[in-house]
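Reader: Hello! I would like to learn how to read a protein model, one feature at a time. Please start me off with a single residue.

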Amino acid sequence: MRLRTPLTDLVGIEHPVVQTGMGWVAGARLVSATANAGGLGILASATMTLDELATAIGKVKAATDKPFGVNIRADAGDAEDRVDLMIREGVKVASFALAPKQELISKLKEAGAVVIPSVGLAKHARKVASWGADAVIVQGGEGGGHTGPIATTLLLPSVLDAVSIPVIAAGGIVGLLGVCVKLYEAATDRSIPRFSNHNPLHNDLVSIIMFALLAFSLYYFARKPLKTEE
């Protein structure tokens, strides 16, 4: 079943789930698997050389014909070279850790790419939206990124009020409870930095984490059962 949202229409994916560009984790295998499953997979280029990024893009293109993206650190010395590579290879989505320069946004959009910066304040979301960004990732301090210390639960509502472009929530989403909270807050989409299949992290560690999340969700709802009509 396809869940249609502004982001799925914008990027051309089936489900409003984004696999973020996690360094040393989001490689070609994970990204292509996410894309083939209907989500948006994003390569983590910050931990790759330019040549390694070119190789990874080629591997993803060989494994899927679905849209995918590349994440770039906006403050990288070769950020423009990476943007040029993405444009040559026809990568659909450019996501950024930190806000990119206005010139980079314009260059990508002229090439037909979708630009999605990460933001940590509502004023940053307004700025990149005014520069032509197509969507923003709202990443709270729990997301482990570079956007600031504000919690997603506090940051998300302020950005939703500040911009009219699609907003993707990231950070602080753990288990069923976290997803329910974000849906309640009316986030357009959600970016989840946790994938067990095709993830090179140790399988035992992933299993322990997922079991802990499940146990917490069951414990929470056991204490607070849903109300039903008599």
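Author: Gladly! Arg-82 is buried, because its relative accessible area is 7%. Buried means under 20% relative accessible area, exposed means over 50%, and partly exposed is in between (1.4 Å probe, protein chains only). One note before we go on: this is a predicted model, where local features need pLDDT of at least 70, side-chain atom pairs count only at pLDDT 80 or more, and totals for chains, interfaces and linings use all residues. Residues are numbered from 1 along each chain as its sequence is written, and side-chain values use heavy atoms, with hydrogens and water left out.

Reader: Which residues does Arg-82 touch?

Author: A contact means heavy atoms within 4.5 Å. Leaving out residues up to four places away in sequence, Arg-82 touches Ser-45, Met-48, Thr-49, Leu-50, Leu-53 and Ile-72. Arg-82 itself sits in helix 4. Helices (H or I, at least four residues) and strands (E, at least two) are DSSP runs, numbered from the N terminus.

Reader: How many helices and strands does the chain have?

Author: The chain has nine helices and eight strands. Of its 230 residues, 45% are buried. Look also at contacts with a separation of 6 or more: residues 24 or more positions apart account for 51% of them.

Reader: Back to helix 4, please. Which of its residues are buried?

Author: Ala-79, Arg-82, Val-83, Leu-85 and Met-86 are the buried ones in helix 4. Seen down the axis, they fall within an arc of 160 degrees, so they line one face of the helix. Such an arc is that of the directions from the helix axis to the C-beta atoms. The cover over these buried residues includes helix 3, strand 3 (68-73), strand 4 and helix 5. After helix 4 comes Gly-90, with a positive phi near 70 degrees.

Reader: How do I describe two helices that pack together?

Author: Two packed helices are described by the angle between their axes and the distance between the axes. Here, helix 3 (residues 50-63) packs on helix 4 (residues 79-89) at an angle of about 25 degrees, and their axes are 11 Å apart. Axes are lines fitted to C-alpha atoms, for helices over the stretch in contact, and angles run from 0 to 180 degrees between N-to-C directions. Helix 3 and helix 4 are therefore roughly parallel to each other. The cut-offs are under 35 degrees for roughly parallel, over 145 for roughly antiparallel, 65 to 115 for roughly perpendicular, and oblique for the rest.

Reader: Which residues make that contact?

Author: Helix 3 brings Leu-50, Leu-53, Ala-54, Ile-57 and Lys-61, while helix 4 brings Asp-81, Arg-82, Leu-85 and Glu-89. Sorted by class, the contact of helix 3 with helix 4 has five nonpolar, no polar and four charged residues. Nonpolar covers Ala, Val, Leu, Ile, Met, Phe, Trp, Tyr, Cys and Pro; charged covers Asp, Glu, Lys and Arg; the others, Gly among them, are polar.

Reader: At what angle do helix 2 and helix 3 pack?

Author: Helix 2 (residues 28-36) and helix 3 meet at an angle of about 35 degrees, with 9 Å between their axes. Ala-28, Val-31, Ser-32 and Asn-36 of helix 2 face Ala-56, Lys-59, Val-60 and Ala-63 of helix 3 in this contact. By class, these residues of helix 2 and helix 3 are five nonpolar, two polar and one charged.

Reader: Is Ser-32 buried or exposed?

Author: Ser-32, with 9% relative accessibility, counts as buried. Beyond four places in sequence, Ser-32 touches Val-60, Ala-63 and Thr-64.

Reader: Which residues of helix 7 are buried?

Author: In helix 7 (residues 152-162), Thr-152, Leu-155, Leu-156 and Val-159 are buried. Their arc around the axis is only 100 degrees, which puts them on the same side of helix 7. Leu-154 and Asp-161 are exposed on the other side of helix 7.

Reader: What should I look for in the backbone angles?

Author: Most residues other than glycine have a negative phi. Trp-24 is not a glycine, yet its phi is positive, about 65 degrees. Trp-24 lies in the loop between strand 1 (17-19) and helix 2, and is exposed, with 74% relative accessibility. Leu-98 also has a positive phi, near 80 degrees. Leu-98 belongs to the loop between strand 4 (93-97) and helix 5 (102-110), and is partly exposed, at 26% relative accessible area.
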